[in-house]
Amino acid sequence: MNRIADAFQNKKAFIAFITVGDPDLETTEKIVEAAVEGGADLIELGIPFSDPTAEGPVIMEADEVALRAGTTTDKVFELTKKLRATVTIPLVYMTYANVVFSYGCERFAAQAQAAGVDGIILPDVPYEERDEFAEVFDRYGIDLISMIAPTSEDRIAMIAKEAKGFLYIVSSLGVTGTRSEITTDIGAMTALVKKNSKVPCAVGFGISTPEQAAKMAALSDGAIVGSAIIKLIAKHGTDAAGPVKDYVKQMADAVHAL
């Protein structure tokens, strides 16, 4: 069983998103380790990009901070290797097609494999254009993780049938960010996914409280949280590891209690 499958084995998974290099690489290392200690089952490592079209202002600002701090794709790979010495849970990159294109897809996949990464999410690559990336990442044993949005409608079954790793269900229209209420019929989306795929699915976008995380995980196989964690990092800076660990523990406990 691979690491991603293991993260969902016999339990709901809590997935934490962290922008690499915000506020600096040393702090990111501590934050990732703290999130693991807090009970995260999988970590999404955001590779900063200057035009992150799926992100709201919170993660966009984190990307800008990371880029100003000198974070490069090579430095992300180096940090991932360092983390892999102690971190045993799955690590997944989240970034944009241009980051992979500009680095060279084959070269990127090889470096990601060497760093110990299990999957990659490319929010700006539509299903119809995924093959040119999937074919390369498949050869390096890295799952290209698909996203399903409320607007996917009749494409949900098609996307689910070819899914690998896990399916990222986008809870709401628009960009990332915390929301007071999630009104999408997640149950209907996950039912259609389950009908067409054995790959686990987790819900993200807008989740910030233990109650929301539990509700979304109850309807799927897990909950993904990004902006709420990034807000804590913005507030506490280089001292964010402790607060992130405490927050992740609350969220992971809520999900694991199901």
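The model is predicted, so to speak of local features we need pLDDT of at least 70, while side-chain atom pairs count only at pLDDT 80 or more and totals for chains, interfaces and linings use all residues. Residues are numbered from 1 along each chain as its sequence is written, and side-chain values use heavy atoms, with hydrogens and water left out. Helices (H or I, at least four residues) and strands (E, at least two) are DSSP runs, numbered from the N terminus.

Let's step back into α7 itself. Phe133, Ala134, Val136 and Phe137 of this helix are buried, where buried means under 20% relative accessible area, exposed over 50%, and partly exposed in between (1.4 Å probe, protein chains only). The buried residues of α7 pack against α5 (97–103), α6, β4 and β5 (143–145). As a reminder about helices, there are 3.6 residues a turn in an α-helix, so residues three or four places apart point the same way.

Helix α6 (residues 105–115) packs on α7 (residues 131–139) at an angle of about 35°, and their axes are 9 Å apart; axes are lines fitted to C-alpha atoms, for helices over the stretch in contact, and angles run from 0 to 180 degrees between N-to-C directions. The crossing of α6 and α7 is right-handed, meaning that the near helix is turned clockwise from the far one by less than a right angle, with anticlockwise giving a left-handed crossing. From α6, Cys105, Glu106, Phe108 and Ala109 meet Phe133, Val136, Phe137 and Arg139 of α7, contact being heavy atoms within 4.5 Å. This α6–α7 contact divides into six nonpolar, no polar and two charged residues. Here Ala, Val, Leu, Ile, Met, Phe, Trp, Tyr, Cys and Pro count as nonpolar, Asp, Glu, Lys and Arg as charged, and the others, Gly among them, as polar.

Leaving aside neighbours within four places in sequence, Tyr93 is in contact with residues including Leu45, Ile47, Phe77, Phe108 and Ile120. Ile120 sits in strand β4 (residues 119–121) and is buried, with a relative accessible area of 1%. Beyond its neighbours within four places in sequence, Ile120 has contacts that include Tyr93, Phe108 and Phe137. Ile120 and Phe49 are 71 residues apart in sequence and 15 Å apart in space, C-alpha to C-alpha.

Now for helix α12 and its two partners. The axes of α2 (residues 25–38) and α12 (residues 241–256) come within 8 Å and cross at roughly 30°. These two helices are therefore roughly parallel to each other; angles under 35 degrees count as roughly parallel, over 145 as roughly antiparallel, 65 to 115 as roughly perpendicular and the rest as oblique. The α2–α12 crossing is right-handed. Lys30, Ile31, Ala34, Ala35, Glu37 and Gly38 of α2 make the contact with Ala241, Val244, Lys245, Val248, Lys249 and Ala252 of α12. By class, that contact has seven nonpolar, one polar and four charged residues.

On α11 (residues 227–236), the packing angle with α12 is about 155°, with the axes 9 Å apart, and α11 and α12 are therefore roughly antiparallel. Their crossing is right-handed. Ala228, Ile229, Leu232, Ile233 and His236 in α11 meet Pro243, Val244, Tyr247 and Val248 in α12, a contact with eight nonpolar, one polar and no charged residues.

Finally, a few backbone details. Most residues other than glycine have a negative phi, and most peptide bonds are trans. A cis peptide bond, with omega about 0°, joins Asp22 and Pro23; Pro23 belongs to the loop between β1 (13–19) and α2. Within α2 lies Thr27, buried at 4% relative accessibility. Asn10, which is not a glycine, has a positive phi of about 60°; it lies in the loop between α1 (3–7) and β1 and is exposed, with a relative accessible area of 74%. Phe205 also has a positive phi, near 80°, but is buried at 6%, in the loop between β8 (201–204) and α10 (210–219).
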